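Notebook open, model loaded. I'm jotting down what I look up as I go.

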Amino acid sequence: MKLLTAAQTRALDQATVEAQGITSLELMERAATACTLWLLDELQLAFSTEIHVLCGPGNNGGDGLAVARQLHTAGYAPQVWLLPADKHSADFLLNRQQLPQAIRCQELSARRLPMLPAGALVLDALFGTGLTRPLEGLPATIVKHLNQTEATVVAVDMPSGLLADSPQPAGSAIVRAHHTLSFELPKLAFLMPRNADFVGEWTVLPIGLDQSFIHNTDVDNYFVDAASLAGRLPRRARFSHKGTFGHALLLAGSYGKLGAAVLAARACLRGGVGLLTVRTPAVGYTVLQMSVPEAMALPDPSHDFVTELPELQPYAAVAMGPGLGQEVSSAEVLRQLLRQAGSRRALVLDADALNLLSTHRELLGKLPPDTVLTPHLKEFERLTGEPARDDYHRLEQLRAFCREHRCYCVLKGAYTALGTPHGPMYFNSTGNPGMSTGGSGDVLTGLLLALRADQRLSPLDAALLAVYAHGRAGDLAAAETGEAGLIAGDLVQFIGPALRELEG
Ligand SMILES: NC(=O)C1=CN([C@@H]2O[C@H](COP(=O)(O)OP(=O)(O)OC[C@H]3O[C@@H](n4cnc5c(N)ncnc54)[C@H](O)[C@@H]3O)[C@@H](O)[C@H]2O)[C@H](O)CC1
Ligand SMILES: [K+]
């Protein structure tokens, strides 16, 4: 799914009107109908519910007016509150004229703000994608008032005060919505950690916008849902063999951290790898053979750490990092790996391999093209060497980093972002807070290793599929264990089912 900028959204609006031979007022009616149906279906509103619709001067306010009219027609008794303004959009004015007399309609002012008891429903239709700067004055006062009440707030298209695709000062007045109903596509702002409390739970409401315009519009950012991955993971052919799915090498574990190697190895096997060899320190030999008998063990001469790189010739893909430790000798292994990997062998670097990259920065310049890095926020900050100013700046850092090093970088978190060497960024839709638990990243590394070893997949598809399936495995696991009860080993159990959903 593409993430359009506010300017592209406006153009899409226009293109739809032209392509479908409808008026913008009809499009607004469609948007309003989608909102009204959602309110009736999802909130199961009682006729006695106190409903307040807060309308701004533009088309977002126009949507609010149309929803108020539709709710009235359906037998509800909404009240409308209008933000005074010098200028109104044409479709706002048309909907203002169509508002039934029976609907109570008042003008907002600093002294006249709606009383909003708990149990009341507020429809926030003050500002949408047309917002150009943070709110001040009366609109800011209204937003702060709204945020202090206990009413349920549903935002139309965007929480008012939030900019759709750019950063804004901390402390800006932004509606804290419980639900946001976004037309046709989500907005980039919804995916920024800082905005989670404003956006609440968001839903995309399809309103039949012009698909060919969306198709032909170049974007920087994508939201990855199941539909976007359709057809990317081929079914296994009857005559496929172990070679098709590749022989992978995993370099992982150190004394006291062999669990990371075990989790990554199991995830790699569940990810469908053809063959897996695991290099652990000697201390890991028995642990690995007993707990992952499907993998071959290739113990290091050193008891506690990985200190020597095995001959790489047999392997289609190599992952390094989980539980490795940051010994000088391991840095040397990483240096050799980067030197010897060549351009056709896939590399995945995680955890301590990333920390070693950060402390031996000259190695960053030696990453083979299409290497996949999987940092969490702190590891990414160490890689760039510069704390991000805000969520958007971090994304720019990610884009620049991937371009400069011609690598893929999986920035782990809610809506994990995948940066690519060619520029576009992909935000993942699956996963849950239960996955913030030790070992979860090791599972992702193992799964990525499997999919990078799969000879049928491009680096981009392997990364997209692994990140999505990892989150999906988390969602399937949490449905059984609950989020708090989820442990990384549970993720491994659900990799197979998650991949099966994508196959075909
Ligand atoms: N996406 C679609 O296809 C559809 C969207 N619809 C709705 O339309 C809005 C966008 O409407 P627009 O008129 O462009 O903008 P807004 O209503 O968000 O606000 C514009 C209004 O506000 C003024 N303004 C901007 N910034 C500020 C500020 N900081 N303080 C005060 N005033 C400000 C600006 O000058 C304008 O007057 C979209 O979100 C949807 O809700 C369609 O209805 C259906 C199709
Ligand atoms: K709004």
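Which residues does Lys412 touch, not counting residues up to four places away in sequence? I find Thr374, Pro375, His376 and Gly441. A contact here is a pair of C-beta atoms, placed from the backbone, within 7 Å.

Ground rules before going on. This is a predicted model, where local features need pLDDT of at least 70 and side-chain atom pairs count only at pLDDT 80 or more, while totals for chains, interfaces and linings use all residues. Residues are numbered from 1 along each chain as its sequence is written, and chains are lettered from A and ligands numbered from 1 in the order in which they are written.

Confidence check. The chain has an average pLDDT (the predictor's confidence in each residue, from 0 to 100) of 97, and 100% of the residues score at least 70. I also noted ipTM 0.97 and pTM 0.96.

Back to Lys412. I placed it in the loop between strand S16 (408–411) and strand S17 (417–419); strands are DSSP runs of E, at least two residues, and helices are runs of H or I, at least four, numbered from the N terminus. Is Lys412 buried or exposed? It is buried, because 22 other C-beta atoms lie within 10 Å. The cut-offs are 20 or more for buried, 12 or fewer for exposed, and partly exposed in between, with C-beta atoms placed from the backbone. Ala414 lies in the loop between S16 and S17 too, but I count 16 other C-beta atoms within 10 Å, so Ala414 is partly exposed.

I looked up the record next. An unreviewed UniProt entry lists Lys412, Gly413, Ala414, Tyr415, Thr416 and Gly441 under "binding site". They are spread over 30 residues of sequence but cluster in space, with a largest C-alpha distance of 14.4 Å. I keep in mind that such annotations may be inferred rather than shown by experiment.

Then ligand 1. I get 30 residues around it, and Gly58, Asn59, Asn60, Gly128 and Gly130 come nearest; a residue counts as near if its C-beta atom, placed from the backbone, lies within 6 Å. Helix H1 (6–20), helix H2 (24–43) and helix H3 (59–73) each supply at least two residues of this shell. H3 gives the most, five residues.

Last, the domains. An automatic or database assignment gives domain 1 (2–219) and domain 2 (242–502). Their centres, taken over C-alpha atoms, are 41 Å apart. I see six residues of domain 1 in contact with seven of domain 2.

Definitions and conventions:
Two residues are in contact if their C-beta atoms, placed from the backbone, lie within 7 Å.
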